[in-house]
Amino acid sequence: IYNEAGVGTTASYAIEPVTLADRVAWFERLNAADFPILVLAEGDQILGFASYGTFRALAGYNHTVEHSVYIRPGHRAAGGGRMLVNALIDYARGRGIHAMVGVIDADNEASIAFHERLGFQVSGRLPEVGRKFGRWLSIVFVTLVFEGPHLD
């Protein structure tokens, strides 16, 4: 799923396909940090996954996470992505996360609209900061700030 969407499109700016060993290392890194990896399955088939991790390495960002969601082709727009991201939001709220950030290719209007329907707001645009498929790419940041008590 990741190689098709993350490497084969501009859903991620990864250029090289990941291996099983790469994914195991990713899983172990997130698991060790107590970050979630949620999987959507139907029978034996994995339809999608979502996760979040560190937004930036500095301690001042410890209550902000950056999330990702990927759905298998043929199953997009069927509600699975919404279920996964809503579950991530619930998980984050329960663990004292204050804000979730998504980084989206600026031309991916469907993903931007998807996030806006879930309550995220477009909060910034960085022009031509990535390069893939022989062209410069821009990103859009979307953020969801949780209501409720704030840390002092």
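Reader: What do the buried residues of α4 pack against?

Author: In this predicted model, they pack against β3 (64-71), α3 (80-93), β4 (99-105), β5 (121-132) and β6 (135-145). Contact means heavy atoms within 4.5 Å; helices (H or I, at least four residues) and strands (E, at least two) are DSSP runs, numbered from the N terminus.

Reader: Thanks! Which residues of α4 are buried?

Author: Ser111, Ile112, Phe114 and His115, within a helix spanning residues 109-117. Buried is under 20% relative accessible area, exposed over 50%, and partly exposed in between (1.4 Å probe, protein chains only). Seen down the axis of α4, the buried residues fall within an arc of 160°, so they line one face; the arc is that of the directions from the helix axis to the C-beta atoms.

Reader: And which exposed residues sit on the face turned away?

Author: Glu109, Ala110 and Arg117.

Reader: Switching to charges over rings: where does arginine 56 lie?

Author: Over the face of phenylalanine 55, at 4.4 Å from the ring centre. The criterion is NZ of Lys or CZ of Arg within 6 Å of the ring centre and within 35 degrees of the ring normal.

Reader: Is phenylalanine 55 buried or exposed?

Author: Phenylalanine 55 is buried, at 15% relative accessibility.

Conventions: Residues numbered from 1 in each chain as written. Predicted model: local features only at pLDDT ≥ 70, side-chain atom pairs only at ≥ 80, totals over all residues. Heavy atoms only, no water.
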